[in-house]
Each structure stands twice: as structure tokens, then as C-alpha cells.
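Visitor: I'm new to reading protein structures. Could you show me one and let me ask questions as we go?

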Amino acid sequence: MENREKVLYIDDEFINLELFEINFSDKFEVYRAESGIEGLEILEKNPGIKVVITDYKMPGMNGMEFIEKARLVHPEVKYSILTGYDIFEEIQRAIDMGIVKYYFSKPFNFEKIEGAILEMYKG
Amino acid sequence: MEKSTNKEEVRKLNAVLQITKSIIATLNYEEVLQLISDGMSELLDIETAAIYLLEKDDNLYLGATTPALPPDFPDSLRIAHITDHPNILSASVTKQAVVIEDFKMAELSPAERQVAEMRNLKSLLFLPFVHDEMTLGVLILGTCNEPKVYSQEDIDFGQTIANQLAIAIENTRLHADIIHHKEHLEQLVQEKTEDLDDALKELQLLNQELQLKNRELEKTLQYLKETEAQLIQSEKMASLGVLTAGVAHEINNPLNYIMGASLGLENYFKKHKSPDNGKLQTLLNALRVGIDNASKIVKSLNQFSREAKDDIEECDLNLILDNCILMLGNQLKNHAVLHKNYGNLQAIVKGNSGKIHQVFLNIILNASQAVEDGGNIHLNLYIQDNYYVVEVSDDGAGINKENLSKIADPFFTTKAPGMGTGLGLYIAYSIVSEHKGKIVINSEEGAGTQVNVYLPNS
């Protein structure tokens, strides 16, 4: 179990966190955070996490603000966004700059996310 | 003696006739005065004669003399003042003849004396021309070389003829006045006509200017209307975009729950071996299809109202048309029969996807509103020359000729108030024109409408 890929998922909604863990924990070691701040703490404590998937719209710190902060401390980590919003300029720009690796839309597509996580661990 | 008197009478009569005849033949004022002067001189057998006319301000004007003055005789020398000529004044005031039989014996004013001496006059007869109790002038007859005694008969006769001639003088004077007035009037008319012409030209110029201004104003108004329409449209789309994005997020989130839950259930049943796997698959599929459909509608709404900064996205016409149909689902369902024929064409145009969505949404919505329940709408996609053509035709109410010409005007609508903004087709035309395409509409009232949208295929 120890050598499974570690994934941190950040979402302010409890149901989303639950469902993500239920569906992906067979494949990956899933870490959960309910906010950007909590996400930063978990990253700090678990240097093995190389992939983070975050919601965009959250109270306090939104997904992009979290990524901006986190990548200063953990530049080696790959960050992606999973949101109910259609892709918009801020995210598109971040993708073009390589700050964000993937944009996933809600409702999530399991195969797409699974494939992307494996891809990010490889690259 | 008897005979010579007769002869004399005949001579006088002839002279009077001659004057009258000559005067009748002319209406020239100076000529008439000259004729009178010459005629009276002959009639009364006196060598010299002069006619002074009474003018304004007690001035005298020398109208004619016998023998006649040279034609270039200066006007300034013709003018005298009546107070310098007391005998003329007397004749004119009393309207009676004045006789000076011998100039040497008479009291004369310096001016009178000067004239008499210049002409070597001996005796003088002043006959006023009286007409209608008014003295028009005075005829002065004078003998040279020797004095003359005038019989009362001669004087009376002379005065009678003078009064008759006064009528002629007055008539020619009036005539001259009339001519003068006529000329003045003609000149006045001429001047006024020229003024009018000038005014007319100015008016025409002003009119032209006004028309030009008018056309400019019309253009400005049209421009304002269009700008207003575009503003309304972009405001509408901007608020719709914000609203759609918000709603999309709020729908996508619960869809995400359902998706996660169905996936979790599927895995759960896989692990725990369900007794009726077939029924379970149907139920799970229903969940997936439901999520899928809801998600597609949200996506198409997003695409429709998204505010894209650049206009060079690759727009798939198949996808856009299907999105529009999806968005109009409720409007079309149980109302019109939709016949799609995209001809297996991959039609990609470069442009703004959201805006192209708006074009077809408007056109298909119009078709749907034009048909009765059970009416047909055909959606055909094909290539013609360098264009992709999307043909939207219906067998609905059609559009009459008058409205057809106004159909692309901003704010033109035949729909009930509140049912249409009159912007739909105007916006469609603007967007298609931005994409270097064109819209062609054919319609027949009662038969239906065909809207062809041409978009460049490169």
C-alpha cells in the first residue's frame, strides 16, 4: 500500500470529499482538505504527495490562490483544478503557463482523472 | 378791311389747328412745350416767346423758348426763382394776363431787366397757363426792336388759347409722370425680381444644406439605434453570462454528487455481487444518461453566453446546432417536427462560438414560433462555393414583403409587446457580417420562410 500514488483533493463540500475518496481510494492514497489552508498544512506534513486536485470556488482562498501559494513551497507538486465552472481565462492562462496541469469539469469523469493522475506521476 | 379781318381770322384758326394737331401727335413733354411756344408766337404774331413752368418751392423752370434754345442748353441756366420775376409771379397768382407795353416805362426787377436787355425786348405779354384753378406755368411773349400795343381782344384770345393749352401741358405732364412711374415700377419689379432670384438661390442652397444635414442626422440616428441595439445585446449577454456561469456551477455540483454516488454504487455492487445484475445496470445507466443530458445542457448554455475575448475559436457547426436544439428543447418538443440533415459534414468555422450560438438560437427560435403545432422545421448543412450554408426552413406563417424589408432593422418586431425585442435578427445579421458571412431570407406569406446562413469555410 505504501507505494501507491498519493493524491490530495481539496473541496469545501463534504459530500464531494467523501465521494472522491470512495471512488479513488481503490487506486490512490487519497488525502482530503476542506480548504486551501488545510491543504497547505497537509502538503507540509506529507512530502510524498506529488499530485493535488483542488476545487476552484471555496470560501477564504480559492483554488488558484491556493495553487499560487503552494507552488512557492512545493514547486515539484503537480496541481489541477476540478470545478463546476466552465473553463475561463484565469485557468486557461495558468494552464498555458504550466502552473495548472489539468482542468477537470464537474460532474467528474473518473477515467479522465485517473489517467491524468497516473500521467502526472510518470512525468 | 372786312376781307383782311377774315384773312386774319383764318390765319389764326389755322395756327390754332396746327398747334392742336401737332400737340395731339406727340406726348413728349418738351416737344409739346416747344410747339406751344412756337405756335403762340406765330398765332399772336410776336417774335419771341418763353414758357416758364412752376415747379416745387416757387422755382421756375424754362421749358421752351422761341426761337428754340440749343439742345445742350444747361439745365442750371433754365432754373430761376419766382421772387426774382415779379411779373411772372403776378400772372401766376392772379391767373390773369400781365401786359408791359413798353419795357422802358415799366418797373422791372434786376433779373427781368437782364433778360429783357439780353433779348432786346420792347414789350412783354405774360399769359398764365391755368388748369383746374391751378397755374401750371407762364407764357411770356415779347416783341423785339419796337413796342407793341395789345388789344384786349388779342389778350383775351391769347389767354383763352393758353388755358386750352394748359390742358395739353397737364396731360403730357401726367403722361410723363406715368411713364416715369412706369419706368420706376419696371425698375422696381426688376430689382425685386433680382432680389427674389437671389433669395430663391439662397433658399435652394439652404435647402440643399438642410437635406444634407437631414441625411447626416438619419445616418446618426441609424448609427445610434444600432449602437443602442449592440449595447443592449452585449449587456444582456454579459448578465446572462454571469447568471449562466453561476447557475451552471450550482447545477454541476449536485451532478457531481450524483456522478460520484452512482460510480460508488456501481463499484459497491461489483464487489458485493448483486442478485439481479441486469436491472442494476439499467438503473445505473439511467443515472449516467440523466447526468450526461443535464451536463450537456449546462455546457451548451455556457457556450452560448460565454464572453470570449478572442474571436478565432474553432466553431463546430454540428455541435453548435445541436446545442441550440438542446437549449430550445422545450420550445420544440410537442410543437414542431425537426428534420436534421447535416450531410455528415464536419463544418468548422473560425469565429466566436458564443456569438454563432446566438445566431442559430435566434433563427431556430423564430422558425419554431412561426409554425403551428405539428409544423416542420428543416435544418440542412451543406457547402456552397467557399461557404458552409446552414439552411433553416419552416412551413409556418411566412413574412409579408413589407416586413421582409425591415426584418433586420434593430427593434423591428411583429411579436406582441414583451414577446420580442426586435433585436434577434438584427444581432444575427451583425454577428454573421462580423464573421464575413451573410444571411439570405426568402419568405412567402402563408407558405413559410427559409433562412440561409453563409459562413466562410476557411
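Visitor: In what order do the 5 strands of the open sheet in chain B lie?

Guide: This is a predicted model, where local features need pLDDT of at least 70 and side-chain atom pairs count only at pLDDT 80 or more, while totals for chains, interfaces and linings use all residues. Residues are numbered from 1 along each chain as its sequence is written, chains are lettered from A and ligands numbered from 1 in the order in which they are written, and side-chain values use heavy atoms, leaving out hydrogens and water. Strands (E, at least two residues) and helices (H or I, at least four) are DSSP runs numbered from the N terminus, and two strands pair if DSSP finds at least two bridges between them. The pairing in this open sheet is mixed, and the order is 8-10-11-13-12.

Visitor: Which strands are at the edges, pairing on one side only?

Guide: Neighbouring strands here are turned by 15° against each other on average, direction ignored; axes are lines fitted to C-alpha atoms (for helices over the stretch in contact), with angles from 0 to 180 degrees between N-to-C directions. The edges, both in chain B, are strand 8 (336-341) and strand 12 (438-444).

Visitor: Which residue is the bridge partner of Gln384(B)?

Guide: Strand 10 (375-384) and strand 11 (387-394) of chain B are antiparallel partners, with 8 bridges. Look in strand 11 and you'll find the partner of Gln384(B): Tyr387(B).

Visitor: What angle does helix 11 of chain B make with strand 12?

Guide: Contact means heavy atoms within 4.5 Å. Helix 7 (317-327) of chain B packs on the sheet, touching strands 8, 10, 11 and 13, and its direction makes about 165° with that of strand 10. Helix 11 (424-434) of chain B packs on the sheet too, touching strand 12 and strand 13, and its angle with strand 12 is about 140°.

Visitor: Why does Cys324(B) count as buried?

Guide: Buried means under 20% relative accessible area, exposed over 50%, and partly exposed in between (1.4 Å probe, protein chains only). Cys315(B) counts as buried because its relative accessibility is 1%. Cys324(B) counts as buried because its value is 0%.

Visitor: How many of the residues of strand 2 of chain B are buried?

Guide: Strand 2 (59-66) of chain B runs antiparallel to strand 1 (48-54), joined by 6 bridges, and pairs with strand 3 (79-81) in the antiparallel sense over 3 bridges. The rest of the structure largely encloses strand 2, because its buried residues number 6 of the 8.

Visitor: Which helix of chain B gives the most residues to the lining of the largest cavity?

Guide: On a 1 Å grid over the protein atoms alone, a cavity is a set of points where a 1.4 Å probe fits but cannot get out, and lining residues have an atom within 4 Å of a point. The largest cavity has a volume of about 70 Å³, and its lining includes Tyr85(A) and Asn302(B). With 3 residues, the top contributor is helix 6.

Visitor: What is the volume of the largest pocket?

Guide: A pocket is an open set of points with protein on both sides within 12 Å along at least five of seven lines. Helix 9 of chain B supplies the largest share of its lining, 9 residues. Volume is the space filled by probe spheres set on the points, which are joined across faces, edges and corners, and for the largest pocket that's about 1200 Å³.
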